[in-house]
Each structure stands twice: as structure tokens, then as C-alpha cells.
Amino acid sequence: MTGTPPGARDRFDARPRRGARPATTHPRRTAVIGGGPAGLCAAALLKHRFPAHEVTLWERNPRSETFGFGVVLSDETLGGIEHAAPEIHEALRGEFVHWDAIDIVHRGIRQRSGGHAFAALERRRLLHVLRTRCQTLGVDLRFRTEAPPASRLAETHDLVIAADGVHSATRAAFADVLRPRVTPHRCRYIWLAADIAFDAFRFEFAETEHGVMQLHGYPYAPGASTVVIEMREDVWRRAGFDAADPRPSIDRCAGIFADALGGRPLRTDRSAWTAFRTVVTDRWSHGNVVLVGDAAHTAHFSIGSGTKLAVEDAVALTAHLAEQPTTERALAAYEEERRPAVASAQRAARASLEWFEDAARHLARPPRRFAFGLLTRSRRVTHATLRLRDPAFTGAVEREFGCPPGTPPMFTPFRLRGLTLRNRVVVSPTDLYSAVDGVPGDFHLVHLGARALGGAGLVMTEMVCVSPEGRITPGCTGLYTPAQAEAWRRIVRFVHTRAPGTAIGVQLGHSGRKGSTRLMWEGMDEPLPHGNWPLVAASPLPYTPRSQTPRCLGRAQLTDVREQFTAAARRAARAGFDLLELHCAHGYLLSGFLSPLTNHRTDAYGGTLEKRLRFPLEVFDAVRAVWPEERPMTVRISATDWAEGGTTADDAVVIARAFAAHGADAIDVSTGQVVADERPEFGRSYQTPYAERVRHDARVPVIAVGALSSWDDVNTVVLAGRADLCALARPHLYDPHWTLHAAAEQGYTGPGAGWPAPYRAGSRPPPTGRADRFTPGRRA
């Protein structure tokens with residue numbers, strides 16, 4: 001559904017730009033292809049700014065035809081319209097239906113969350129206002145007329161604005177330059193309406209004999225609501241909804257959701273079942289042709305950004321055409337401004353649509369936590385957002401989770417085997433490259449000691465190598481000599497003595513084909529200029545063209561490596577570590593066996609995933625056998641290689657199940673770094689969906705990592721059931737006392753974040769400004 005979900009805010013800024021130069025050359029003849037909100041808004045704004053210029057709009061459909069029923073626009077979008085075209089804003093202002101609640105119906109139980117502030121209007125009315133404004137200004141509107149090709153229009157016009165939608169012919173015509181990527185998704189949906197005015201944004205789930213079906217609904221006029229019915233394509237086919245005529249399926253959906261609709265039928269407006277497609281375009285303009293709205297990008301309707309993004313594109317484009325000295329500069333500035341906001345919306349939309357694609361996976365959760373998970377699915381709405389908007393609802397979710405009174409979710413304890421962590425924060429392994437001959441020194445003591453004093457429940461070492469040739473760089477630490485073991489014992493003793501309540505874990509690994517490289521700041525993954533040592537791996541494949549080619553491990557060498565791991569584990573146990581993690585991620589030795597991109601063996605350790613798992617499991621079993629029974633073991637995996645033909649999320653579930661069956665107490669779910677030509681999809685908490693998938697499908701506790709940066713992220717991930725623990729690296733490099741500061745900022749003083757006695761005087765945030773300023777109502 002178009003519009004803005006709770007809390008969805010992007011970088012769109014409607015304020016006048018300072019320092020803008022007056023246009024010296026700008027388009028005097030503009031062609032607009034497409035009569036939807038983006039095209040009409042762009043045409044009206046251009047004609048408003050340049051009354052003497054010629055603006056012509058082509059729309060192949062009749063004036064009266066449209067699709068969809070209601071649209072939602074954010075305050076930012078309306079602010080942009082008000083600044084750019086007050087007349088349009090004034091005409092729209094009285095058309096909106098307002099509400100502030102979200103209802104989530106889960107297995108017959110309704111959960112309501114308030115305080116969200118929505119506003120919607122009929123799509124036909126929006127288009128009517130925009131058309132009327134275009135006509136008033138003198139835009140040449142040509143309905144029932146197919147636009148000439150953009151290439152031809154570009155020859156006769158100074159500017160061509162392509163607002164021709166998700167199936168844009170303009171985008172296709174210039175595909176070699178614009179480089180679009182269109183990704184279809186796994187659900188089918190249909191836009192409908194009902195003659196009932198919901199009093200909230202409504203999400204309802206029906207568990208039918210064919211599978212889960214879901215309703216998204218919201219009011220857009222007195223007595224009318226938009227209704228979108230969505231389901232996985234396999235469910236849609238099993239239900240027989242793939243017939244040519246959608247009317248019978250629509251009637252059946254009205255019956256399935258009869259309670260929500262009050263027994264009313266569902267209306268259609270040439271509606272058809274379709275699969276959503278995400279459009280990403282590398283470039284938005286070519287010459288004097290520019291894309292806006294769905295022609296350039298799409299965002300799934302479940303976060304309601306389609307019309308919002310389209311209108312904001314039009315506002316930004318026309319503003320830059322007025323401000324920049326040339327059309328070329330204007331188009332570049334338009335894309336520079338809008339691309340980050342669109343990318344942010346698309347990341348949120350991708351997370352949201354994947355949540356709905358996998359809705360069946362979430363249904364077993366308790367009702368309030370299910371609702372909380374839905375509300376926070378896009379990562380834009382968080383625990384803090386909901387606590388501010390609806391403290392009663394959020395408090396009920398916290399009680400259902402088991403939070404003691406006044407305790408944020410991140411400060412609830414968690415038990416792994418015989419170890420109870422006082423909170424859900426993990427200091428993620430961070431390679432320091434500061435050891436000498438594998439021996440951790442004072443830098444490691446201060447680094448790990450400071451973070452242990454900083455309040456985290458668990459502090460992890462960097463990857464500690466099991467042999468000299470298993471190091472990544474000459475500066476990596478090890479556990480293959482007595483001197484190294486004694487140095488680690490000193491660090492562990494400090495943590496246990498001076499930071500009681502904090503656990504310390506060791507991560508054991510072997511670099512494999514990614515070893516014998518320079519220190520990170522001297523050239524990551526670059527071979528040493530001299531003093532290289534031979535590398536070993538699952539297969540003789542170099543990591544990069546510049547890397548050394550490793551030797552393929554034979555049976556005898558596999559046994560040697562396994563014994564190196566067990567010897568290191570014995571030393572780690574004697575050093576007193578509370579937890580041991582086996583590093584099977586990021587393309588290092590054990591990870592190299594797991595990925596089909598790095599394991600090309602034809603023996604018992606290659607081929608199927610079951611065979612590729614064999615050696616990592618042998619190592620795990622050997623380590624588990626010598627690691628104290630009461631102390632937990634975890635395994636870090638790469639849940640995807642971010643590369644075609646590599647490890648997938650389905651594979652990650654199989655891998656996690658295998659390690660859990662062999663005694664792993666939790667899976668540390670990371671991604672990538674397996675092959676050099678990976679293409680990660682970065683973004684806020686971008687790896688968390690993989691952790692959630694493993695947690696649900698493999699039924700094993702998980703640690704989430706990757707772009708988790710705030711205590712709000714941790715609270716949200718834990719409370720939503722996406723992970724049991726959250727590992728953060730960069731935040732702890734920025735602030736060693738990150739966890740204690742998170743407690744102070746939330747006003748928490750309980751056992752989940754105990755301040756060391758020497759630091760208690762600093763357990764409250766210091767004043768940040770003068771307290772003697774004059775305040776109205778008080779005497780000076």
C-alpha cells in the first residue's frame with residue numbers, strides 16, 4: 001500500500017535550499033510520459049515554476065481510469081508539496097482520512113498498537129487535484145494517447161521525464177546505459193477495496209488448508225478501505241487462484257476474511273493477481289531523459305512508499321531544474337539527492353516483504369511478540385519508537401518476553417549450557433593484528449580488559465590461530481605455544497578478577513587460503529612482500545588473483561589440522577576461557593570446506609553439503625571432546641556467500657542443524673567474506689534476517705552480527721525473537737563502555753549492567769550544558 005509505515009522517515013527535505021544559483025539554461029520544452037502521481041506532479045511543478053515554458057504529458061489510459069484505491073502520504077511529502085506548490089497542498093489538505101492505530105489479528109486475537117499517525121486519501125482524488133492544477137497552469141494533457149518513444153521525444157524536447165511506471169518502456173529502451181535490475185518476489189497479491197472504513201491499519205492472517213493468506217487494509221475515505229490480499233505463490237496455486245478470471249478468487253478471499261470485512265464483498269478495479277518486482281536502476285538519466293517514480297525504483301507496498309517516493313522525486317527534480325545552471329547538472333543533482341533516500345526505502349521494503357513472504361515462520365510466536373515482530377519488520381520502527389508511541393503495548397510485549405520490571409530486553413540474562421550471561425551484548429571478535437610471534441601483549445590486555453569493564457555480557461577474543469601457518473598476518477595471536485597460553489591466562493584472569501559478571505570467550509580458527517597477508521592497515525588481503533609461509537585449503541584455489549595458491553589438504557594433513565585445533569582448545573580450557581567458538585565463516589579454512597565455491601574436492605570431503613560438512617564436524621567433535629563439558633561452544637558461520645552458486649540461507653539452516661546436533665550451544669550467524677567477488681547487500685542490521693532464519697528453522701540459539709550499532713537495535717532484535725544475543729564490533733571500538741552507557745541512557749541500574757566500583761561515580765550521564773539559563777516562567 002502506498003504511503004508511509006509507522007516511523008518511516010527518509011532524507012527528503014522540503015526546506016528551501018540555500019545558495020542555489022538561478023538557472024541560466026533550463027528546459028523550455030518538456031515531455032512527460034505517464035499520467036500517474038509522479039508524472040502529473042512533475043508537470044504541474046514545472047509549469048508552476050516556468051509558466052512560459054511548454055509542458056506536454058502523454059497518458060495512454062483514459063482520464064477516468066486508474067488503479068488502486070487509497071494512497072498514504074507522509075508529513076515530509078506533504079511538506080514538500082506545500083513548499084513547491086501551495087495550491088496543490090491546499091486542495092489536498094481537506095481530503096485525508098486520519099488514524100493512529102495498527103491492528104494485528106493473529107490466530108483470532110487482535111493486538112492494537114497506537115500513536116502512529118497515518119493519513120490517506122483516495123487515489124482518484126489525488127489524481128484529480130493534480131490534473132486540475134495541470135490544466136489551470138496550461139499543461140497540455142493528452143489522455144488516451146500513446147507517447148512517442150523517449151528517444152524521439154528527446155530530439156524535439158529539451159527534457160523528457162519518464163514516469164511510465166514499473167513496466168517502463170523508457171527504462172527498457174535505454175537498458176544498456178541505465179542498467180536496470182528487476183527482481184520478482186515470491187508472493188502474489190491483488191489490490192481491492194471494501195465498503196467499510198477500518199479504524200486502524202489492519203493486518204490479518206488466515207491459516208487455510210492451502211497455507212497462510214494475509215490481508216493488509218487501511219481506510220482512505222469515509223466508508224471505504226483499501227484491501228490488499230497477499231500469499232506465497234505456492235499457496236496461491238494450491239488454492240486455485242491462478243485461474244484466468246480473478247473474480248471467483250476475490251469472492252473466496254472475502255469469505256476467508258469475512259470477520260475483518262464485516263461480511264461485505266471486495267470491490268475490484270480491473271484488479272489482477274500479480275507478483276511484486278523490485279526495480280533498481282544504476283543510472284536514472286541518459287542525456288536529457290530522466291526516470292522518476294516506479295520507472296526508476298520500486299519499494300514493496302507493505303511499507304507504503306510507492307506514491308510517496310514518486311511525488312518526492314518530482315519535487316526534487318523540479319527544484320534542481322530551477323536551481324542548477326544546466327539541465328545536465330540538474331539531473332545529476334536530482335539523482336544525488338534522491339538516491340540515498342530511495343536506497344534506504346528499498347532496504348526497508350526488502351526486509352518487510354521478506355517478512356511477509358515468510359509469515360508462516362512467525363505465526364507460532366506468542367501473540368504480542370508476533371505483533372512486535374511485524375511492527376519492527378522493516379527495521380525503521382524499533383523498540384524505542386514503539387515505547388514512545390505506545391508504552392502500554394510495548395510494556396505488555398516485554399512482560400510476555402520475561403523482562404523484569406524496569407529492565408530493557410538487552411539486560412535480561414541468557415543461559416548457554418553452564419554459563420549464564422548477565423545481558424545479551426557480545427563484544428564481537430575483532431582482529432587487532434598486534435601480537436608478536438602469536439603472543440597477545442599489553443595492547444590485548446587493555447583492549448579486552450576495557451571492554452570487559454564496559455559491561456558486555458560476553459567479550460570475545462579475535463580469531464586465535466591454531467598454528468603458525470594458520471595465521472592471517474604476522475600480527476595474529478595464537479594458542480600453539482605455552483607462552484601464548486600463559487599470556488591468554490593473564491588476560492582471562494584480569495577479566496574474571498576485575499570485571500566480575502563478564503564472561504570471556506575464545507574464537508579458534510585457521511586462516512586457510514586467506515593467510516600470509518599484510519596487516520590490515522598495510523593492505524587487506526595483500527600478500528606479504530617477503531617472509532610468506534605456505535598456505536593450505538580445502539582446494540587449491542587462490543583467494544584473489546594476487547594471492548598465493550594454497551596446497552590441497554590430504555588425509556594426513558587433515559588429521560594434523562584437527563589435532564592443532566584440539567591442542568589449542570586444551571590450552572584455552574587451562575587458560576580459563578568461559579566459552580569457545582569455532583570459526584567456520586569468512587572463507588577461512590573450515591569455511592572453505594563448507595562453501596561449494598571454495599571446495600572442489602572429489603573425495604569424501606567434497607561434493608554434497610553433507611560431505612562438505614564432514615571435516616568441520618570432525619574438528620568440532622574433537623574440540624568438544626576436550627573442551628570442559630559445562631562450558632558452552634558456539635560456531636560462527638557465513639549464512640550466505642553473497643555470490644551466485646555459493647552457500648544459501650537454506651544451506652545455512654542445514655549447517656546450523658548439523659553443528660547443533662553435534663553439541664553446539666549457539667550459532668553465530670555472519671555472512672560473506674568467502675569469495676573476493678561477493679556482492680553484499682549492506683544496510684542496517686542486514687545480516688539479522690539470516691540469524692532469524694537459522695534460529696527458527698534450526699531451532700538453535702543464535703548470535704546476530706552486522707551493522708547493529710545502537711542499544712535500540714539490540715532491544716528490538718532480542719524482543720522480536722530474531723536473535724538471542726547481539727554481537728557488536730565497531731560500536732565497542734568507538735566506545736569501550738558502550739554497554740554501561742546504554743544502561744545509563746535507558747535509566748537502567750539493575751544486575752544486567754553492573755558498574756565496576758571505581759567507575760560508579762560516572763554511572764550517570766554528565767551534564768551537557770549550563771543550568772543557569774533564563775527560562776520563561778521562572779525568575780532570572
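Before the first stop, one convention: a helix axis here is a line fitted to C-alpha atoms over the stretch in contact, and angles between N-to-C directions run from 0 to 180 degrees. Keep in mind, too, that you're looking at a predicted model.

**Stop 1: α1 and α11**

Select residues 37-49, which form helix α1, together with residues 306-323, which form helix α11. Their axes sit 8 Å apart and meet at an angle of about 25 degrees. Angles under 35 degrees count as roughly parallel, so α1 and α11 are roughly parallel to each other. Look at how they pass and you'll find a right-handed crossing.

Now show side chains. On α1, the contact uses Pro 37, Ala 38, Cys 41, Ala 42, Leu 45, Leu 46 and Arg 49. Facing them on α11 are residues including Thr 307, Ala 310, Val 311, Ala 314 and Val 315. Colour this contact of α1 with α11 by class and you get 13 nonpolar, two polar and one charged residues.

**Stop 2: α11 and α12**

The α11 and α12 crossing is right-handed.

Which residues of α11 meet α12? Pick out Leu 309, Glu 312, Asp 313, Ala 316, Leu 317, His 320 and Leu 321. Among their partners in α12 are Thr 327, Tyr 334, Glu 337, Arg 338 and Val 342. Sorted by class, the contact of α11 with α12 has 10 nonpolar, two polar and four charged residues. Leu 321 of α11 is worth a click: Leu 321 belongs to the contact with α1 and also to the one with α12.

**Stop 3**

Most residues other than glycine have a negative phi. Go to Arg 179, in the loop between α7 (175-178) and β10 (180-194). Arg 179 isn't a glycine, yet its phi is positive, about 55 degrees. Then jump to Ser 516, in the loop between β22 and α19 (520-523). Ser 516 is another non-glycine with a positive phi of about 55 degrees.

Buried or exposed: what is Ser 516? Buried, with a relative accessible area of 2%. Arg 179, on the other hand, is partly exposed, at 41%.

**Stop 4**

Select residues 555-575 for helix α20. Its 21 residues reach 31 Å from first C-alpha to last, close to the 30 Å expected. Buried residues of α20 include Leu 558, Val 561, Phe 565 and Arg 571. To see what they pack against, bring up α18 (482-498), β22 (503-509), β25 (579-584), α21 (589-594) and α23 (614-626).

Move on to α23, where 13 residues should span 18 Å and the end C-alpha atoms are 19 Å apart, which agrees. Its buried residues include Phe 615, Leu 617, Glu 618, Phe 620 and Arg 624. The cover over the buried residues of α23 includes α20, β25, α21, α22 (609-612), β26 (633-638) and α24 (649-661).

**Last stop: Thr 407**

Finish in the loop between α16 (391-401) and β18 (414-416), where you'll find Thr 407. Thr 407 counts as buried, at 10% relative accessibility. What does Thr 407 contact, leaving aside its neighbours within four places in sequence? Select Thr 412 and Tyr 748.

Conventions: Residues are numbered from 1 along each chain as its sequence is written. This is a predicted model: local features need pLDDT of at least 70, side-chain atom pairs count only at pLDDT 80 or more; totals for chains, interfaces and linings use all residues. Side-chain values use heavy atoms; hydrogens and water are left out. Helices (H or I, at least four residues) and strands (E, at least two) are DSSP runs, numbered from the N terminus. The expected span of a helix is 1.5 Å times one less than its number of residues. Buried means under 20% relative accessible area, exposed over 50%, partly exposed in between (1.4 Å probe, protein chains only). Contact means heavy atoms within 4.5 Å. Angles under 35 degrees count as roughly parallel, over 145 as roughly antiparallel, 65 to 115 as roughly perpendicular and the rest as oblique. A crossing is left-handed if the near helix is turned anticlockwise from the far one by less than a right angle, and right-handed if clockwise. Ala, Val, Leu, Ile, Met, Phe, Trp, Tyr, Cys and Pro count as nonpolar, Asp, Glu, Lys and Arg as charged, and the others, Gly among them, as polar.
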